[in-house]
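Here is a short tour of some backbone details worth checking before you set up a calculation. Have the viewer ready and follow along.

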Amino acid sequence: LNANVKLYEAFKEDFFIGAAVNPITLEGQRDLLKHHFNSLTAENEMKFISLHPTEEEYTFDHADRLISFAKENGMGVRGHTLVWHNQTSEWIFENQDGNTVDRETLMARMKSHIETVMTRYKGNIYAWDVVNEAISDKSGELLRPSKWLEIAGEDFISKAFEYAHVADPNALLFYNDYNESDPEKREKIFTLVKSLKDKGVPIHGIGLQAHWNLESPSLDLIRQAIERYASLDMKLHITELDISVFKHDDQRTDLKEPTAEMMESQAERYGEIFRLFKEYREYITSVTLWGAADDYTWLNNFPVRGRKNWPFPFDAEHKPKQSYWELVNVANS
Ligand code: G3I
């Protein structure tokens, strides 16, 4: 076996292979990124609060740098994200006097943000997570309570897609969410996206974040989610994949490195998951890891403080793990 096998080359008949990056990993993981990935997502730098801290001021430096790096290396970029309840500047919801804005003002500001950002990167971003995580995790509640919902009402979602489509008619527009394979949440996502589609809203795909671990969600539930979403005739992107080496209820914090057994199980898990993705490659056109190698992940200290999760196919030195070899096997099978 040859460790030079590029992941994106290996899967070129199937889907893009992406990584989330931030300004630090874009430097530190440069060679690894260039070698194995043909799609990038900004982990934080294209979120509202990063790009648009005050009404008059846009800060594009980090996002611009990511776009140039991608262009120089022939990579695509997924845009993340335009409308979200989190990491959004408070000013958008407030008047100068500090009171809550009215619906018209909020929608005008949202439109202006979407237009400015998407126009700047037109032609350089193949897909946008237009609306992120708008579905509630609470049983019996469809939409997540948020300022967007409270001020504008539920059609902030369809408006966001409409503005996005006008700004860049060629970009694929996605609804993106987590716990996407949980049956109850899955049905809510299905209901929302179906209603958008039925109304003729320009939406092209569903993003499955895929923050998973060794055993959950089960492969069966993942398959059911893929089938259900695909039945809407949507493109599916796996947008934020990471696979912790821990099982769901394993709270250990004493491991300095993953055990051999964990590495083995993680490789099997990567294998079964990518085999499944390949089965559905007619729908799944992009698979992005929420990072690239174990030296950096948002999962350091989460969900359990004081421990790492080693979720990627490359170790902290950027060397291939068993999970990488298993991916190469799956790609060649
Ligand atoms: O930038 C500030 C820095 O100035 C400050 O000193 C530091 C102190 O805590 O915080 C820095 O901001 C952090 C930011 O990441 C940039 O590093 C925030 O505290 C931290 O909350 C934020 O976390 C990000 C998280 O989204 C916020 O919700 C993670 O990096 C990022 O990986 C994560 O990504 C999300 C996706 O966008 C949506 N799906 C879930 C996924 C994982 O939570």
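## Glu133

Glu133 sits in the loop between β4 (127-132) and α7 (147-152). Helices here are DSSP runs of H or I with at least four residues, strands are runs of E with at least two, and both are numbered from the N terminus. This is a predicted model, in which local features need pLDDT of at least 70, side-chain atom pairs count only at pLDDT 80 or more, and totals for chains, interfaces and linings use all residues. Residue numbers start from 1 along each chain as its sequence is written.

What is the phi of Glu133 near? The value is near 55°, which is positive in a residue other than glycine. Is Glu133 buried or exposed? Glu133 is buried, because 21 other C-beta atoms lie within 10 Å. The cut-offs are 20 or more other C-beta atoms within 10 Å of its own for buried, 12 or fewer for exposed, and in between for partly exposed, with C-beta atoms placed from the backbone.

## The loop between β9 and α12

Now move along to the loop between β9 and α12, where His318 is found. His318 is not a glycine, yet its phi is positive, at about 70°. His318 has 18 C-beta neighbours inside 10 Å, so it counts as partly exposed.

Pro303 also lies in the loop between β9 (284-289) and α12 (322-332). The peptide bond that joins Phe302 and Pro303 is cis, with omega about 0°.

## Ser216 and Pro217

Which form does the peptide bond from Ser216 to Pro217 take? That bond is cis, and its omega is near 0°. Pro217 belongs to the loop between β7 (211-212) and α10 (219-230).
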